[in-house]
Structures are given as structure tokens and as C-alpha cells.
Amino acid sequence: MDLIRKATFSAAHHYRLPHLAPAEAEALFGDAARTLAHGHDYEIEATVRGDVDSSTGMVMNIKLLKDLMVDRVVAKLHNRLLNEEVDAFRAKAPTLEEIARWAWGELAPVIPVGALNRIRVAETPALFLEYFGKGFDEMFVTRVYDFSAAHRLHSDRLTESENARVFGKCNNPNGHGHNYVLELTVKGALDERTGTIASLSEIDALVDHAIIGPFDHKSLNDDVEDFRGVNPTAENIARAIWRRLHGQLSRGEIHKVRLIETPRNAVEYWGD
């Protein structure tokens, strides 16, 4: 069973590193590379995996896990300029990747029962990273986007009455719309020099060009070639997004597309 504990801390950082030219830093980190420093309200999760103890009914004492996270992670990072006040980040970029790896190193040796299974660090609700420890070569960074689009659920393989029965009001001849949320997860190995698994600026530019531009404020049935003769269900939209993005990054690769159509309806796709 997995036990998950969250904690929060506020910290500042910058990407002015002596071994990265300003142009390279900007290509990696975008506008953030030009600031003297900027800050975030971080959220960190530690997942402990193990059997439920028959005496306590717990995987691990949750108060102990809380105290370890506060003492070994939060207290060392909270209200700090990470580059200058935390030794681990004096010579490397305090990216999500490096923060997650550092937090793993702080917590893994002192988890007395079970085993540390995952560290998740969120810089904002729209950007977070997952790390599963030294036995895994890859990390997973997720970036969140949104777009608005209209569609009509209708299959040429079904009769009019079948379409009405299967899709209900979503088969309205004039269509309907959604404010879609796209969670794009990219996996990759850590580049020790830059402290990243992929370039966020490259991911943002690719999504803007390949997804947001073609899909946003469009009628998917009428305006997007991917759905000529293809019913634009959430499943087929997710698959179209994957196909447009897969293989297009210079570093890292698409791991998962999660498309949220409504607060009650989402799909996840890991590729063809």
C-alpha cells in the first residue's frame, strides 16, 4: 500500500549559472532565465510503499513521516534563496529535477519502515515533477495547458438514431464546447550539466504550435484535419494530441497525454 504525505515551502531561485551562457539558459528556462531571482510556493509529496502493520494499521507512522519531511526538507528550503543559501544548489540549478533528487537523498536513508517510492515536487499547479529514486533512470515532468474548442459527437458508422442513443445531447447537430485541460507528461534522463530532463521552453513552443494554435477556439469537426471522418471524442482528441507531439522534442519524450474534458470526465493515453 502507498502512504502519501504532502508538505509546502516557499523559496526563491535563479538560473544564472556560470557554466551556462545566457542564451542557452534562456532556451532552457524561458523568461525565468532573465530574472535576478523569482520564487514559488512549492508543494512536495513523499510516497512510502509497504505492507500495513498488523499492530498499528499503518504503513508508517504518519507523524514520523511528517516530522522527517519538515526537519530534513522543509526546514532546509523554506524562505531561502536556494542558489545561495542551500549548499546542494550552490553549483547547480535548483530545478524541479534537482530538488526532487536532493529530497530523495534526504528522506530515503531515514525511512524506517516501508520504502520511499516516489517524490513529487510541484512548482505551480501547472508544473510538477515525479522521481522514483536511484534505481530509475528517468524522471517525469508534467506541464498543464488549456484550450477551448467545440465538437459534435457523431459517428458515420452509426445511424442517426444510434448516434442519438449513444451520444445523447452531445450529438446536437450544432455542437457544444468544452474548456479542455491538457496535462502533458514528458519523461527523460537527467542532464547533469543543466539539471533538466527536457527544455520547458521547447515543450511550451511545441504545444503552442502543434496543439493550442490548431485546436483553440475551433470546431474540431470542421476546422481540424485530424477529425475529418473521425469522431472527436476525448479519446480520439488525446490520441491526435499524442500523434502531433510524439518524436518532436530534442530531449525527452512524450510519456502520457491526460485530457480533462470536464471535472468529471478525463482520459489518459500512453501512445500507439
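Author: With a term: contact, or touching, means heavy atoms within 4.5 Å. This is a predicted model, in which local features need pLDDT of at least 70 and side-chain atom pairs count only at pLDDT 80 or more, while totals for chains, interfaces and linings use all residues. Residues are numbered from 1 along each chain as its sequence is written, and side-chain values use heavy atoms, with hydrogens and water left out.

Reader: Which residues does I241 touch?

Author: Not counting residues up to four places away in sequence, I241 touches F147, L182, I211, F215, V257 and L259. Of the 68 residues in the largest nonpolar core, I241 and I119 touch the most other members. Such a core is a set of buried Ala, Val, Leu, Ile, Met, Phe, Trp, Tyr and Cys residues joined through side-chain atoms within 4.5 Å. Buried means under 20% relative accessible area, exposed over 50%, and partly exposed in between (1.4 Å probe, protein chains only).

Reader: Which other residues of α8 are buried?

Author: Besides I241, the buried residues of α8 are A234, N236, I237, A238, A240, W242 and L245. The elements they pack against include β6 (138–151), α6 (200–215) and β9 (253–262). Helices (H or I, at least four residues) and strands (E, at least two) are DSSP runs, numbered from the N terminus.

Reader: Turning to E123, what does its side chain make a polar contact with?

Author: The side chain of E123 makes one with the side chain of H40, at 3.4 Å. A polar contact is a pair of N or O atoms within 3.5 Å; within protein, one must be able to donate a hydrogen and the other to accept it, and residues adjacent in sequence count only if both atoms are side-chain atoms. E123 is found in strand β4 (residues 115–124).
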